[in-house]
Amino acid sequence: MANYNIDTICVQGGYEPKKGEPRVVPIVQSTTFKYETSRQMGDLFDLKEPGYFYTRLANPTNDAVANKICQLEGGVAAILTSSGQAANFYAIFNIAGAGDHVIASSAIYGGTYNLIAKTMKNMGIETTFVDPDISQEELDSKFRPNTKLVFGEVLANPALKILDIEKFTKAAHKHGVPLIVDNTFPTPIFCRPFEWGADIVTHSTTKYMNGFANAVGGAVVDSGNFDWTKYSEKFPGLTTPDETYHGTVYTESFGKAAYIVKMTTNLMRDLGSIPSPQNSFYLGVGLETLHLRMERHYENALALAKHLEKHPKVSWVSFSGLENDSQHELAKKYLPKGSCGVISFGVVGGREAAVKFMDSLKLAAIVTHVADARTCVLHPASTTHRQMNDEELLAAGVSPDLIRMSVGIEDVQDIIADVDQALEK
């Protein structure tokens with residue numbers, strides 16, 4: 001569907017039924033697939049023929065939804081994972097291993113920070129975290145001979161800092177490594193990172209893509225633009241024979257799809273973080289209204305942010321749509337049509353006042369979630385980011401009084417009224 005606009009891809013992308021086939025993507029809730037001969041099955045295992053033989057590696061429902069996300073981002077290949085955490089882990093681990101080095105923005109989701117800073121460190125991968133506002137020169141100085149990639153979030157959760165994609169792309173490509181960006185909050189409706197030079201995009205599809213908080217999931221999309229063979233010595237897993245898969249050289253056999261095929265045949269085979277077809281079906285249904293929902297989320301969030309900006313019991317508001325916001329200029333460049341529905345703010349009185357405010361809300365719910373149709377609220381310092389110390393919280397842009405509110409698609413006047421009554425408690 002390359003010639004269609006993004007709104008049309010949301011509705012019809014990824015799946016084109018033929019005569020007599022289901023109009024809606026079917027849920028293929030089967031672990032295995034039958035063949036007539038051993039030779040047919042063998043050709044599938046040898047990657048000589050396309051097809052399905054075991055859902056851990058591929059499933060028609062999962063593939064249809066992955067194809068839609070791939071089309072939305074403008075990539076060449078994509079894969080779904082069982083969660084956004086799995087997507088980020090796979091994206092990094094597919095090209096970095098023990099003894100390698102990664103550069104990452106410090107302004108990222110707490111769970112992703114912990115994954116990279118702690119868990120992957122235990123696996124022998126060292127990471128240097130940098131402030132997203134770092135200068136080009138200083139960023140260049142962080143690279144090492146064993147650096148394999150640069151990672152960041154287009155719009156950081158919950159700090160809402162915008163990554164200067166072109167700056168980070170320039171540095172990554174200068175040193176012969178790809179830029180991987182998590183595009184969960186803006187979604188391809190508001191930002192398509194490949195158009196700014198990013199090489200690989202990840203998503204927690206649990207959030208806006210699904211939209212209704214009924215299925216956890218993730219996705220990895222490859223632009224197909226990074227030349228792995230040019231830097232063959234850095235990425236031997238893609239450019240030399242894989243003895244665990246019949247000596248396949250992924251760049252030779254699969255060209256621009258090499259990165260995703262390797263992820264499927266190696267990481268999915270060995271780690272198995274595949275989504276259930278049922279969860280992928282829910283995601284696919286959610287994607288059909290993504291273009292409508294994102295506009296409403298942003299519209300509501302901007303209205304609430306402007307209201308809070310003038311409220312005497314609110315000490316500060318962070319939302320790139322506000323003209324005096326520190327991220328506004330970057331937003332005009334990378335997110336000109338909108339960012340997302342998440343805003344951050346502080347309540348006068350600090351942490352105790354923030355907790356009292358949240359406990360007084362009636363419409364908005366306190367949940368460990370963000371970015372679905374319903375308005376919800378969270379105090380990151382004591383929940384999603386509680387594994388960080390004060391210094392790490394500061395680097396991630398999370399202050400003790402920070403409240404993260406995910407503005408839903410309800411009537412905005414009802415949302416504002418709920419916030420006002422809670423602030424008066």
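**Walking through the model**

Mentor: Start with contacts: among those with a separation of 6 or more, 73% are between residues 24 or more positions apart. Keep in mind that this is a predicted model.

Trainee: OK. How many helices and strands does the chain have?
Mentor: There are 17 helices and 12 strands. The radius of gyration is 22 Å, close to the 22 Å from the globule rule for 425 residues, so the chain is as compact as a globular protein of that length.

Trainee: And what does the C-alpha trace span along its principal axes?
Mentor: About 70 × 55 × 35 Å.

Trainee: What percentage of the residues are buried?
Mentor: Of the 425 residues, 57% are buried. As for the surface, the chain exposes about 17700 Å², with 51% of that coming from carbon and sulfur atoms.

Trainee: What about charges, how many positive and negative side chains?
Mentor: You get 39 positive and 49 negative ones, and the centres of the two sets are 2 Å apart.

Trainee: Switching to the inside. Which residues touch the most other members of the largest nonpolar core?
Mentor: That core has 122 residues, and the ones to look at are Y259, I343, F345, F357 and M405. Helix α13, residues 290-309, gives the most to the core, with eight residues. In soluble globular proteins, nonpolar side chains tend to be buried together.

Trainee: Let's zoom in on M405. What is it in contact with, leaving aside neighbours within four places in sequence?
Mentor: Its contacts include L304, G341, V342, I343, F345, F357 and L361. A364, T375, C376, V377 and V419 are also in contact with M405.

Trainee: Which residues have a positive phi without being glycine?
Mentor: L160 is one of them, at about 65 degrees, and L160 is also in the loop between β4 and α7. A371 is another, at about 70 degrees, and A371 lies in the loop between β10 (365-366) and β11 (376-378).

Trainee: Is L160 buried or exposed?
Mentor: L160 is buried, with a relative accessible area of 3%.

Trainee: And A371, buried or exposed?
Mentor: A371 is buried too, with a relative accessible area of 0%.

Notes
Residues are numbered from 1 along each chain as its sequence is written. This is a predicted model: local features need pLDDT of at least 70, side-chain atom pairs count only at pLDDT 80 or more; totals for chains, interfaces and linings use all residues. Side-chain values use heavy atoms; hydrogens and water are left out. Helices (H or I, at least four residues) and strands (E, at least two) are DSSP runs, numbered from the N terminus. The radius of gyration is taken over C-alpha atoms; the globule rule is 2.2 Å times the number of residues to the power 0.38. Buried means under 20% relative accessible area, exposed over 50%, partly exposed in between (1.4 Å probe, protein chains only). Contact means heavy atoms within 4.5 Å. Accessible areas come from the Shrake-Rupley method with a 1.4 Å probe; for residues, only the protein chains shown count as cover. Lys and Arg count as positive and Asp and Glu as negative; His and the chain ends are not counted. The place of a charge is taken as NZ of Lys, CZ of Arg, CG of Asp or CD of Glu. A nonpolar core is a set of buried Ala, Val, Leu, Ile, Met, Phe, Trp, Tyr and Cys residues joined through side-chain atoms within 4.5 Å.
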